[in-house]
Amino acid sequence: MSAARHAVLAGALCLAAVPAVADVGATEALRNAVTEDGLLGHLRSFQRIAEENGGNRAAGRPGHERSADHVAALLEQAGYTVRFERFEFPFFEETAPPVLAAPGVALERDQIRTLANSGSGDVTARVVPPSGSSLACEASDFQGFTRGAIALVRRGNCTFQTKVGHAAAAGAKGVVIYNEGTEGRTGPFRGQLGDPAPVPVVGVPAEIGARLREARPEIRLAVDARTGMRSSRNVVADGPEGTTGNTVLVGAHLDGVPEGPGINDNGSGAAVVLETALRMAELGGGERPANRVRFAFWGAEEVGLVGSRHHLQSLPEEERGRLAAVLNFDMLGSPNPGRLIYDGPAVIERVFRDYFAAIGLEAGSTPMRGGSDHAPFARAGIPTGGLYTGAGEIKSEESAARFGGTAGQPFDPCYHQACDDLTNIDAAVLHQMADAAAHAVLTLARDPEAGKEREPS
């Protein structure tokens, strides 16, 4: 079934055909076995690995390699069939902070963020917005663009790669992308280009973009970086074959960013998946599930979802067709958290939503955007879902009223920073989300109809 067709059908599911109240008793033993102490123990291990390996667990670096070895050893001891999937990926590494100097525009260093895979260069030229839409999603937006200028474009509606490609084709010597200016998207931001750019590319807050657009000054834009190829790997652990021949794939990315140890992003998700896998093996008791559960710890998510893409592309067509459901857990312990469910196919989303309702905890929805490892599978038309507690987005008053915490502050103020360490975790919400994840994994493992559209009631 095509991705578009599946999306239409999934959106039209009759929710009444799915049990209205989660059978939480059926998963109680597993949820009781998944403990806060167990989760924090895994996070302490990831922290220690980072401290012993340059302060991070980034893909292609020793910290991630040691993390992969650590996770694989625990899974093998638990009885899983474990394999590594090795792949190469293009890496991007800044050797100096980016520079954007504009007369009359005060800029702090942390307001300028280089997009990964930006080109290197030091250029001085007038900054010019496209003549068409400021979003720069069409080549025609650059009709009459002044060759040799620095393009000023707005974030949103299409990929950074598309914007930069159109600008470079029009003769831009560099690209400045400013934030959208909508709620939660006003400040500094990071981004990833799918392919190396021929020109320097940086992102700035919405306010800076507005000032540059009004004044159109001559600016200096400089990026100093190096690129190349590195190797990384996924850790994949298979449980026993199920009676249906289908598989429920449960994943979290194991790599972090170079800036810090990556304990919330995404040690938290990896800890939840690992603890669930270990406790399921411990309590299995010889039970043969309806669906095999495959636990995956993705590499190189932070540089473009490389590990999850590699896994999907490597699957034979028949095996890909037997993926009944994919669950993704990326950031589950944010210190100013929300309890958020991906708004994917109802048949997956409802498992989480009914669970939270059954235990009396508030839960909200979050768009299934393309920035995490669920995206390749969702695009392939595979039923996909997951949980999230928030990253650098600003918490609204409504969200604070629903989940507690502080409005006007990020869900994770240490997102992609050195302070994303053990002190950056809300242990209580991590345990709540881990229980929800364990419930969903076991529920789908036991359901011979997992991932299938229900007949209208």
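Glutamate 93 is buried, its relative accessible area being 12%. In this predicted model, the side chain of glutamate 93 meets that of arginine 230 in a salt bridge, with a distance of 3.3 Å from N to O. Because glutamate 93 belongs to strand 1 and arginine 230 to strand 7, the pair ties together parts that lie 137 residues apart in sequence. Arginine 230 is partly exposed, with a relative accessible area of 22%.

The confidence of the prediction was examined next. The protein chain has a mean pLDDT of 92, and 94% of its residues reach 70 or more. Over residues 1-20, however, pLDDT stays under 50, and for this stretch the model has 32 contacts beyond four places in sequence. Where pLDDT is low, predicted coordinates should not be read in detail.

The count of salt bridges comes to 21. One of them joins glutamate 85 to arginine 83, with the closest N and O atoms 3.4 Å apart. Glutamate 85 is buried at a relative accessible area of 10%, whereas arginine 83 is partly exposed at 30%. Another salt bridge is formed by the side chains of glutamate 275 and arginine 279, at 3.0 Å from N to O. Both of these residues lie in helix 7, 4 residues apart, or about one turn of the helix, and both are buried.

Just after the helix, glycine 79 adopts a positive phi of about 105 degrees.

Aromatic rings were then considered, and a search of the whole structure finds 7 aromatic pairs. Tyrosine 80 and phenylalanine 295 form one that is edge-to-face, with 5.7 Å between centres and 85 degrees between the planes. This pair links distant parts of the chain, 215 residues apart: tyrosine 80 is in the loop between helix 4 (62-77) and strand 1 (81-101), and phenylalanine 295 is in strand 9 (residues 292-298). Tyrosine 80 is buried, with a relative accessible area of 11%, and phenylalanine 295 counts as buried at 1% relative accessibility. A further edge-to-face pair consists of tyrosine 355 and phenylalanine 356, at 5.6 Å centre to centre and with 65 degrees between the planes. Tyrosine 355 and phenylalanine 356 are likewise buried.

Charged side chains also lie over aromatic rings. Arginine 57 lies over the face of phenylalanine 46, 4.8 Å from the ring centre.

Methods
Residues are numbered from 1 along each chain as its sequence is written. This is a predicted model: local features need pLDDT of at least 70, side-chain atom pairs count only at pLDDT 80 or more; totals for chains, interfaces and linings use all residues. Side-chain values use heavy atoms; hydrogens and water are left out. Rings of Phe, Tyr and Trp (its six-membered ring) pair if their centres lie within 6.5 Å; planes under 30 degrees apart count as stacked, over 60 as edge-to-face and the rest as tilted. Helices (H or I, at least four residues) and strands (E, at least two) are DSSP runs, numbered from the N terminus. Buried means under 20% relative accessible area, exposed over 50%, partly exposed in between (1.4 Å probe, protein chains only). A charge sits over a ring if NZ of Lys or CZ of Arg is within 6 Å of the ring centre and within 35 degrees of the ring normal. pLDDT is the predictor's confidence in each residue, from 0 to 100. Contact means heavy atoms within 4.5 Å. A salt bridge is a side-chain nitrogen of Lys or Arg within 4 Å of a carboxyl oxygen of Asp or Glu.
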